[in-house]
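Have a look at the model first, then read on.

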Amino acid sequence: MRWKLNSSAYKRVPSRDAAMDHDLETPVRLADGGGGGPSWRMSLPHVCVATLTSFLFGYHTGVVNEPLESISTDLGFAGNTLAEGLVVSICLGGAFVGCLFSGSIADGIGRRRAFQLSALPMIIGAAISALTNSLEGMLLGRFLVGTGMGLGPPVASLYITEVSPPSVRGTYGSFVQIATCLGIIVSLLIGTPVKDIDRWWRVCFWVAAVPATLQALGMEFCAESPQWLYKCGRTSEAEIQFAKLLGPLHVKSAMAELTRSERGDDGENVKYSELFYGRNFNVVFIGTTLFALQQLSGINSVFYFSSTVFRSVGVPANLANICMGIANLSGSIVAMLLMDKLGRKVLLSGSFLGMAFAMGLQAVGANRHHLGSASMYLSVGGMLLFVLTFSLGAGPVPGLLLPEIFPNKIRAKAMALCMSVHWFVVLATPGTTWSTSSVHNVFLNLCGSSNICAAPCFICDFNMVTESQPGKSVAKVDH
């Protein structure tokens with residue numbers, strides 16, 4: 001007997017019937033002679049090297065927060081808010097450009113080489129930023145870093161999904177969010193001495209070159225994606241990589257599942273235009289909407305204004321950053337533990353509802369000053385709860401779920417398109433220009449409403465998507 005997926009429920013059907021269903025992505029339990037699944041230990045080092053790109057993403061996101069004042073003074077643009085804003089945000093433009101090409105690069109040269117290519121502009125950009133004596137040099141360095149930031153994360157999501165045993169795929173997928181949190185925390189810690197040590201900000205950028213170099217070198221010893229090799233017709237090489245990732249006992253069953261899941265593909269590379277019509281449209285629409293609502297939830301605005309909110313109730317900015325980092329990391333760890341137990345949809349829906357509730361608490365506290373100390377606790381507690389609930393689902397789930405539901409034929413380009421929407425929304429959202437006097441009303445009206453609407457929308461949309469469960473390979477989308 002084998003398991004057959006039908007909408008959001010599992011039904012048992014004869015294996016003969018399952019084999020005849022060419023359009024169904026049925027999960028397989030990879031078992032060895034003793035009835036056990038493949039060990040997670042063999043693929044763990046490969047996943048850890050891949051998540052260095054997420055660490056770099058988090059590090060470069062926060063690396064200029066503390067040193068920005070020192071950078072502007074040393075480079076001669078102190079007081080120029082436009083220049084300071086460009087130094088912070090030009091990474092986003094670079095990330096959008098890098099993300100647009102990530103799918104073609106990952107399909108063209110493979111996942112390992114794509115990682116190494118993404119590390120290259122991060123190394124060069126960090127070096128330029130550390131050595132420059134002008135605003136133009138800083139902007140060039142930050143833009144190059146941004147292109148690596150845009151290229152790396154989509155490839156990481158693909159790679160982790162393709163090299164992980166099904167039973168721990170959710171756990172490994174959560175490593176991306178944890179690595180991002182650790183990157184932000186490390187950048188804040190590295191930047192702490194910037195006001196006491198002259199030109200310490202240059203050290204902050206040099207530090208960023210270390211993990212990028214480690215990833216570029218480490219990928220030489222990591223496995224290539226068996227799915228990509230199989231797609232390129234390199235079947236024997238795919239078997240070798242499966243042996244490296246899962247163990248020799250699981251190669252035959254893994255190749256059988258890969259062959260079955262690829263049945264019906266013509267093997268040709270898909271064009272981006274093909275993602276917008278036909279059978280691919282539904283799943284791509286879900287993916288782009290998921291990433292758009294992830295950003296429209298208000299998470300960037302929370303990080304932009306968290307220091308303002310904390311200072312308004314008498315909490316020092318440094319303590320605020322520490323609390324936000326702890327909340328983000330704690331939620332990511334909990335998500336890692338629950339991802340393969342509760343499933344993706346439960347965490348995602350609960351996360352959006354939790355963020356809506358947290359925004360309500362924060363807005364009530366900010367507009368009810370007569371409550372005294374209770375107003376402070378509501379404001380601070382709502383802010384921390386928002387970050388915590390975001391990291392439980394809305395943060396880690398999209399990058400993990402989408403490679404699971406995308407067919408291998410469109411996976412790389414579809415991920416590139418969806419994450420490009422993510423960067424476009426980040427660029428288009430005018431959160432950095434909101435006045436602080438109206439921030440709480442914006443939080444309540446925009447963020448809260450978006451999250452309240454997002455949760456039931458995902459519950460409805462995901463009825464088209466079969467929930468990924470522990471021990472299963474990929475999910476099915478009813479087109």
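A crossing counts as right-handed if the near helix is turned clockwise from the far one by less than a right angle, and as left-handed if the turn is anticlockwise. Keep in mind that this is a predicted model. With that in hand, α5 passes α7 in a right-handed crossing.

**The α5/α7 contact**
- Helix α5 covers residues 81-109 and helix α7 residues 135-163; they pack at about 40 degrees, with their axes 6 Å apart.
- That angle makes α5 oblique to α7.
- Sorted by class, the residues in the contact of α5 with α7 come to 21 nonpolar, 7 polar and 1 charged.

**Aromatic pairs**
- Searching the whole structure turns up 6 aromatic pairs.
- One of them is Phe55 with Tyr59: the ring centres sit 6.4 Å apart and the planes are at 25 degrees, so this pair is stacked.
- Both Phe55 and Tyr59 belong to helix α3 (residues 52-62), and they are 4 residues apart, about one turn of the helix.
- Phe55 has a relative accessible area of 18%, which makes Phe55 buried, since the cut-off is under 20%.
- Tyr59 is buried too, at 1% relative accessibility.
- For Trp201 and Phe205, the ring centres are 6.2 Å apart and the planes stand at 85 degrees, so that pair is edge-to-face.
- Trp201 and Phe205 are both in helix α9 (residues 200-218), with a spacing of 4 residues, about one turn of the helix.
- Trp201 and Phe205 are both buried.

Definitions and conventions
Residues numbered from 1 in each chain as written. Predicted model: local features only at pLDDT ≥ 70, side-chain atom pairs only at ≥ 80, totals over all residues. Heavy atoms only, no water. Axes fitted to C-alpha atoms, helices over the stretch in contact; angles between N-to-C directions. Helix = DSSP H or I, 4+ residues; strand = E, 2+ residues; numbered from the N terminus. Parallel < 35°, antiparallel > 145°, perpendicular 65-115°, else oblique. Nonpolar A, V, L, I, M, F, W, Y, C, P; charged D, E, K, R; others polar. Phe/Tyr/Trp six-rings, centres within 6.5 Å; stacked < 30°, edge-to-face > 60°. Buried < 20%, exposed > 50% of the residue type's maximum accessible area, 1.4 Å probe, protein only.
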